[in-house]
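Biologist: I have a fold open on my screen and would like to learn how to read it. Could you walk me through it?

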Amino acid sequence: MPVNTYEGMFLLDSAKVATSWEESERHVHDLLRKHEAEIVASRQWDDRRLSYPIGPHKKGCYLLTYFRVDGAKIKELVNDLHLDELVIRELILKVHPKLVDHLVTQAMSFTPSDDSGPPDDDDRRDRRDRDRGERRGRDRDRDRDRD
């Protein structure tokens, strides 16, 4: 099979990453190289609280990696990632050849803001109350139009 470029977003155990980021990154890269992948670009994406717990994990650290590998090796790679204790979740997407340079450049220069995390309970409550108020206003308008 031909060698394709893939984007991998790996959610890592933040407790294990806290001891040494470089070692955690090297560990994931070694898993990729085990399946003859060539690392194109890699960076720490973000460290944040998860929207919902995944097992005992409430926080996670994201590693964004672009790599080239034979498509037939992806299934074996994913199986190894599922068995690894450092990797909580993974998402691997095939990148269209025309977009590789643009996506790699953009990913290596962009840093997500801290405000983009999952909303906390107060934000959800405010949004719910605002939505209810808008519905009440529509109900009043509808009732007024009936009269």
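Predicted model: local features only at pLDDT ≥ 70, side-chain atom pairs only at ≥ 80, totals over all residues.

Biologist: How many helices and strands does the protein chain have, and in which pattern do they follow one another?

Modeller: The protein chain has five helices and four strands. Along the sequence they run β-α-α-β-β-α-β-α-α. Of its 147 residues, 35% count as buried. Also, 74% of the contacts with a separation of 6 or more are between residues 24 or more positions apart.

Biologist: Back to serine 24. Is serine 24 buried or exposed?

Modeller: The cut-off for buried is under 20% relative accessible area. Serine 24 has 5% relative accessibility, so it counts as buried. Leaving aside neighbours within four places in sequence, serine 24 is in contact with Lys16, Val17 and Leu86.

Biologist: Now helix 3. Which residues of helix 3 are buried?

Modeller: First the general idea: an α-helix has 3.6 residues a turn, so residues three or four places apart point the same way. In helix 3, residues 74–83, the buried ones are Ile74, Leu77, Val78 and Leu81. They cover an arc of only 95 degrees around the axis, so they lie on the same side of helix 3. Lys75 and Leu83, on the other side, are exposed.

Biologist: And what covers the buried residues of helix 3?

Modeller: The cover includes strand 1, helix 2, strand 3 and strand 4.

Biologist: Next, aromatic rings. How many aromatic pairs are there?

Modeller: With ring centres within 6.5 Å as the criterion, the count is one aromatic pair. Its partners are tyrosine 6 and phenylalanine 67, whose ring centres are 6.0 Å apart and whose planes meet at 25 degrees, so the pair is stacked. The cut-off behind that word is planes under 30 degrees apart.

Biologist: Where in the chain do tyrosine 6 and phenylalanine 67 lie?

Modeller: In distant parts: tyrosine 6 is in strand 1 (residues 3–13) and phenylalanine 67 in strand 3 (residues 57–70), 61 residues apart. Tyrosine 6 is buried at 8% relative accessibility, and phenylalanine 67 is buried too, with a relative accessible area of 0%.

Biologist: What about backbone angles? What is phi of glutamate 36?

Modeller: As background, most residues other than glycine have a negative phi. Glutamate 36 has a positive one, near 60 degrees. This residue lies in the loop between helix 2 (21–34) and strand 2 (38–54). With 59% relative accessibility, glutamate 36 counts as exposed.

Biologist: Last topic: pockets. How do I read the largest pocket, and which residues lie nearest its centre?

Modeller: Rolling a probe the size of a water molecule over the atoms shows where empty space is left. Here the largest pocket holds about 240 Å³ of space. Its lining has 13 residues, and Leu11, Tyr52, Ile54, Tyr62 and Arg89 lie nearest the centre. Strand 1, strand 2 and strand 4 (87–94) are the elements that give two or more residues to that lining.

Biologist: Which strand gives the most to the lining of the largest pocket, and how do its residues divide into nonpolar, polar and charged?

Modeller: Strand 2 gives the most, with six residues. The lining of the largest pocket as a whole has eight nonpolar residues, one polar and four charged.

Definitions and conventions
Residues numbered from 1 in each chain as written. Heavy atoms only, no water. Phe/Tyr/Trp six-rings, centres within 6.5 Å; stacked < 30°, edge-to-face > 60°. Buried < 20%, exposed > 50% of the residue type's maximum accessible area, 1.4 Å probe, protein only. 1 Å grid on protein atoms, 1.4 Å probe; cavity = no way out; pocket = protein on both sides within 12 Å on 5 of 7 lines; lining within 4 Å. Points joined across faces, edges and corners; volume = space filled by probe spheres on them. Nonpolar A, V, L, I, M, F, W, Y, C, P; charged D, E, K, R; others polar. Arc of directions from axis to C-beta. Contact = heavy atoms within 4.5 Å.
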